[in-house]
Amino acid sequence: MKKKISVIAVLLVFVFSASGYKKAYRLVYPGSWPKPTYNFSENPLSEAKIELGRVLFYDPLLSRDTTISCASCHSPYNAFTHVDHRLSHGINDRIGTRNSPALMNLAWSNLLMWDGAVNHIDVQALAPIENPDEMDESFSHVLTKLRNSNLYPELFMQAYGDTAITGEKTLKAVSAFMLTLISANSKYDQVKRGEAEFTTQEQHGYRLFLQYCVSCHAEPLFTNNSFANNGLPADTMLNDYGRMRVTLDVNDSLLFKVPTLRNIEFTYPYMHDGRFKKLSDVLKHYTSGIQHSSTLSKELQQKITLSANEKVDLTAFLLTLTDKEFMFNPKFGFPKEIFFNPAKDN
Amino acid sequence: MRKTALLILLLTFSAVVSAKTKLVQLDFSAVINGEKAVTGTYFHFNAKDSLMLENFRCYISGIELLDQNKTVFSESNSYHLLDLLTTNNQIIEFSIPEKLRFTHIRFQLGIDSLTNVSGAYGGDLDPSSGMYWSWQSGYINVKLEGKSSVFGKNQAFTYHLGGYSKEQNALQTVTLATNLLQAKIVCDLGNFFNENNFTGNEIMSPGKNAVQFATRLAAAFMISE
C-alpha cells in the first residue's frame with residue numbers, strides 16, 4: 001500500500017513539473033488596495049504568457065510596415081506614455097486626435113481609452129493595431145505574420161502548450177503583460193507604509209490635494225476610473241466630445257476618462273489632447289480656466305482658489321507620485337535578450 | 001438467482017446511462033427569388049432592380065427549442081459564425097433527447113451583451129474573424145455588403161450591424177414554428193430588398209439605424225418549405 005502511494009506521488013510530481021508553462025504568476029500589489037476587477041480565471045497569468053505579451057508589446061511587426069510597436073507610444077521610461085507630443089503619432093508620422101494614456105494599474109480599470117470605447121483590456125490592442133493613424137494593420141494579418149515568424153510559435157508553445165496562434169491567445173498574452181505593470185512604490189506609497197516622510201511642503205500639498213482633487217483622483221489609484229467633464233473647452237480643430245461618441249448620449253458630451261496622477265511628473269503633456277505642457281498649466285486651468293457647461297463635473301462647480309505658494313506645494317505633492325522603480329523595472333522593459341539573440345535570427 | 005439480479009441491474013443501468021438522443025440539424029442559407037445566393041452574381045428580385053452580394057456573414061447564438069411558449073432545450077456554448085454566401089452548407093447541429101418534442105426554434109441574430117463586455121473568446125468568437133470592431137469594443141452581428149440598383153447604378157452598400165448597450169442594442173431574437181429535426185432556415189434577401197425601406201446605403205457603427213435595420217433583417221428569416 002505504501003509503495004503504491006509513493007509511486008503515485010512520484011508520478012504526480014513528474015506530471016506537474018512537466019507542465020512548466022502553467023507555472024502560475026501571482027500579481028503583487030499592496031494589501032491595502034482594493035481587489036482588481038480583471039477576471040483572472042478567464043486568463044490565468046504565467047511567466048511564459050507574460051513574457052510572450054512583453055515581446056508582442058515591443059515588436060513593431062504588429063504594424064503594417066514594421067515600424068511601430070505598442071512601445072512607440074507607450075514608452076516605459078515615461079510611465080508607458082508618449083512624451084513631447086500633444087497628439088501621439090503613428091505610422092508614417094500620422095497623428096490622431098488624442099494623447100496616448102499612461103499605462104499602469106490596468107487590472108483596476110474596466111473601461112479604457114479617453115472615451116471608454118474599449119470595454120475590456122483583452123480587446124484593447126485591436127484599437128491601435130487597426131487604426132490607420134497608429135499601426136494601420138489588420139489583426140488577422142498580424143496573426144499570419146506571427147505564424148510565419150521563427151520566433152512566435154515557440155513563445156506560444158511555452159505560454160500555451162501548443163503552437164496554434166489564435167486571436168484570443170495573442171490578445172490575452174498582451175493583456176497578461178500589461179496587467180503586470182503595477183506602480184505602487186512612489187514616495188507617497190512609502191510614506192503610506194510608514195517608510196518615509198513627506199517634507200512640510202509635500203505635506204501641505206497633500207492636504208490641498210485631499211481638499212480639491214481626491215474626489216476624482218481617488219487614492220490609492222489616483223483615479224476613480226470614471227468619466228468627467230473637467231471644464232476643458234472643446235478644441236475647435238479636433239472637435240472631440242469624448243464619451244458622447246461612444247454612448248451617443250448628450251449627457252456625456254465633453255466627458256473624458258479621469259486619468260491616474262501616478263508618475264504625473266513624467267507623463268506630460270497633459271489632458272486627452274495634450275494641450276498642457278506643464279503641471280503649472282494644469283493648475284492654472286483648474287483655478288482660472290474652467291469652462292462651465294451643462295455637463296461640467298459637479299466637483300468643479302465651485303471655484304478653486306490657490307495662492308502661488310499653494311500651487312507650488314500641491315505640485316510638490318504630485319511629484320511624490322513618481323515611481324522610478326516602476327519606470328526602470330527591467331521586467332517591464334525592452335526584451336533585448338529575445339530580439340537580439342543571435343541564435344534566433346530569422 | 002444472483003446472476004439474474006445482476007443482469008437486470010446491468011440492463012437497467014445501461015438503459016439509464018445510454019439514454020437515446022436524436023440529431024437536430026439547422027441548415028441556414030440566404031435566398032433571392034428562391035435561388036441560393038452566392039457572391040458575385042447579379043440577381044433580379046423584381047422587374048427593374050438587381051442585387052449582387054459580396055459578403056453576408058452573421059452570428060447565430062442562443063439556440064433554443066420551444067414547446068409552445070416553454071423552452072425545452074438550450075444549446076450549450078451556442079455561438080456560430082455563419083457565411084451565408086459560401087457554397088459550403090452552413091449547418092448547425094446538436095443532439096437532443098430522443099423523446100423531446102418541440103414546436104418552435106428560437107435563436108438570436110448576433111451576440112449577447114454579456115459576451116460583448118467580457119473580452120476575447122476563441123473559436124467562432126475569435127476577434128480575428130473580421131466580425132469584431134477594433135475602434136470600439138463589440139461584436140459585429142451581421143455584415144451585409146454588395147451592390148444594388150436600389151441605391152443607384154452599380155451602387156455599393158455596406159451594412160455592419162452591431163451594438164449591445166441600451167438603445168444601441170441591435171441583438172434580435174427570431175422564433176420560427178417548426179418541429180422538423182432537419183429544418184431549412186432561409187434569409188429571403190430578395191424580399192428584403194424589394195421592400196426598399198432603406199435610409200441609406202451604409203451603416204458601420206452602433207445606433208438607431210443599426211437597430212432598425214437589424215429588426216427588419218431578422219424578420220426576413222423564415223422556415224423554407
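Predicted model: local features only at pLDDT ≥ 70, side-chain atom pairs only at ≥ 80, totals over all residues.
**Entry 1: the interface**

I looked up the contact between the two chains first. Chain B contributes 20 residues to the contact, and chain A contributes 21 residues. I then turned to area, since the size of an interface is often stated as the accessible area lost when the parts come together. For chain B and chain A the buried area is about 1,500 Å², with 51% of it on carbon and sulfur atoms.

I next asked how many residue pairs between chain B and chain A are in polar contact. The count is 11 residue pairs, with both residues at pLDDT 80 or more. I also looked for salt bridges across this interface, and the rule finds 0.

**Entry 2: B:Leu6**

I located B:Leu6 in helix H1 of chain B, which spans residues 2–17. Is B:Leu6 buried or exposed? I recorded B:Leu6 as exposed, because its relative accessible area is 52% and the cut-off for exposed is over 50%. B:Leu6 belongs to a nonpolar patch on the surface, formed with B:Leu9 and B:Leu10. Together these three leucines have about 320 Å² of accessible area.

**Entry 3: A:Val214**

I then moved to chain A and placed A:Val214 in the loop between helix H9 (200–212) and strand E1 (227–228). Which residues does A:Val214 touch, leaving aside those up to four places away in sequence? I found A:Phe209 and A:Glu219. I also noted the separation of A:Val214 from A:Asn224, which lies 10 residues apart from A:Val214 along the chain. Their C-alpha atoms are 8.9 Å apart.

Note on methods: Residues numbered from 1 in each chain as written. Chains lettered and ligands numbered in written order. Heavy atoms only, no water. Patch = residues over 30% accessible without salt bridge, like charges linked within 9 Å, V, L, I, M, F, W, Y side chains within 5 Å. Areas by Shrake-Rupley, 256 points an atom, 1.4 Å probe, with all protein chains shown as cover. Salt bridge = Lys/Arg side-chain N within 4 Å of Asp/Glu carboxyl O. Helix = DSSP H or I, 4+ residues; strand = E, 2+ residues; numbered from the N terminus. Buried < 20%, exposed > 50% of the residue type's maximum accessible area, 1.4 Å probe, protein only. Contact = heavy atoms within 4.5 Å. Buried area = accessible area lost by both parts, 1.4 Å probe. Polar contact = N/O pair within 3.5 Å; in protein donor to acceptor, adjacent residues only side chain to side chain.
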